[in-house]
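Here's a short tour of one model, from a single helix to a pocket and an annotated span. Have the viewer open as you read.

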Amino acid sequence: MVSLCFDVAVVGGGVVGCAIAREFALAGASTVLLEIAGDILAGASKGNSAILHTGFDAVPGSLEARLVAESHALYLDLHRKLNLPLLETGAHLVAWTEDQEAQLPAILAAAHENGVADVRILTAAAARRRTPALGPAARAAVEIPREYVIDPWSAPLAYLTQAVENGATALFGAGVTDGRFDGAVWRLQTGRGEVRARFVVNAAGLYGDWLERSLLGASRFAIHPRKGQFVVYDKAASKLLDTILLPVPTSRTKGVVVCPTIFGNVLVGPTAEEQDSRADSSTDEATLRRLKAEAERILPGLAGMPVTAIYAGIRPATEEKDYRIFADAERHWITVGGIRSTGLTAALGIARHVLGLHGGAFTPPPEIVWPQMPNLAEHLPRDHQAPGRGEIVCHCELVTRREIEAALESPLPPSDPAGLKRRTRAMMGRCQGFHCAARLSALVDARLSVPLGAGPLS
Ligand SMILES: Cc1cc2nc3c(=O)[nH]c(=O)nc-3n(C[C@H](O)[C@H](O)[C@H](O)COP(=O)(O)OP(=O)(O)OC[C@H]3O[C@@H](n4cnc5c(N)ncnc54)[C@H](O)[C@@H]3O)c2cc1C
């Protein structure tokens, strides 16, 4: 039982909930984030493509189009202040068939309508000048200069860290199971006892509709989980491209992307597979083989390149394409649902929008604390290059003992091996922990709720 009555309870510690908690905390609201898992990023936010979208291909006039565009600008302003990395890759949307080539002018027009004016059509020869390894069947491309690559895990961690360092509370193992509203205050039943708050923001991602039904009696949307599988190629593949290669999208999905990661690998994916399960993020061999074949058609040099990792993420899709964000002023409740495939980008703008929907006036802290995130990006200086680095624990990703200890000492330490991996890159490299797991286990097991041998690794 937490005795305080908070101004706002944010349910869900995905990227969207973390950004919303930050926005309210910096505005001066007493804020609690309630997460069912032992750490942040237990749902959709743990497995995405990590692209900072411009919104060039969003549905013009949609809420998503507006919030993605605003958020792109917000991230560019914020990332240096929190020491978050940005890989300024740009993107080429490549047409491989006559039919796809015929769609490029419409894609350009939609981009202009979405305020993304710096796009242009390139000949295949011009696209190949940027990516000489591009497959021979490429016919033309649209260049989108401001599509970038970011760190999908440090960003939400930074948002919640900043929230906490500015007074917010983060409660883990605090799944919201029930709640009653008495006209002024919500009494939420959670895995950590009752939590009271004057306002609730539902950012429960893949379980957003379930939360609405449980606490409000009905939901205006239903989650249709949509899995996306990925293949991560070895860092040696990074010499093949330095931009994001997008396909011509369909009405259902943005399609299979080939892009650099901020960590120096090449990523291929995601698929778009409808499924009933909100939790099954397994991968399967046949799909991964198809992804590899598709990747090698786009970038033939990938053939024979070693694969470092595979993973899948689940999008919280709904029956509609646009975000499902609604405010229920009477019941002091804001729903942030269906943040399907652009939430990593849009989280900052969504958070600002939600604060606006709340409409409350708070007194901001006199001085904002700006935590500095440890850099894990390959193109920026890493800790192993810094003086006095000491022991290197993970030799594939060059992770120092000092980095691991800093993660364990941080305001939001990992509770399990997956959280440790996301915070440090340990066990994320070529050997996937084969060489360092024993040493790592000796260093961290006493500090994790789930020891190395027992927890999920992704
Ligand atoms: C394959 C794939 C590729 C993508 N690529 C990109 C990309 O390149 N760029 C981009 O911008 N976006 C991308 N996205 C989209 C982005 O990842 C999602 O929009 C975003 O992660 C949604 O975040 P969320 O916080 O709404 O949901 P989630 O991440 O699902 O967070 C919800 C949280 O709520 C918790 N929770 C659930 N129920 C309860 C409860 N009752 N009580 C307490 N806690 C609860 C969950 O454990 C979870 O941690 C991609 C997504 C996928 C799956």
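## Helix α6

In α6 (residues 208–216), the buried residues are G208, D209, L211, E212, L215 and L216; buried means under 20% relative accessible area with a 1.4 Å probe, protein chains only. Those buried residues sit within an arc of 160° seen down the α6 axis, so they line one face of the helix. The arc is taken from the directions from the helix axis to the C-beta atoms. Just after α6, G217 has a positive phi of about 95°.

Helices are DSSP runs (H or I, at least four residues) and strands are E runs of at least two, numbered from the N terminus. This is a predicted model, where local features need pLDDT of at least 70, side-chain atom pairs count only at pLDDT 80 or more, and totals for chains, interfaces and linings use all residues. Residues are numbered from 1 along each chain as its sequence is written, and side-chain values use heavy atoms, with hydrogens and water left out.

## The second largest pocket

What lines the second largest pocket? There are 33 lining residues, with W153, V232, A309, Y311 and M428 nearest the centre. β18 (307–317) is among the elements supplying at least two residues, and with five it gives the most.

## The annotated span

UniProt, in an unreviewed entry, lists residues 392–445 as "domain: BFD-like [2Fe-2S]-binding"; such annotations may be inferred rather than shown by experiment. That span, 392–445, is 46% helix and 9% strand, and its end C-alpha atoms lie 18 Å apart.

Terms used
1 Å grid on protein atoms, 1.4 Å probe; cavity = no way out; pocket = protein on both sides within 12 Å on 5 of 7 lines; lining within 4 Å. Buried < 20%, exposed > 50% of the residue type's maximum accessible area, 1.4 Å probe, protein only.
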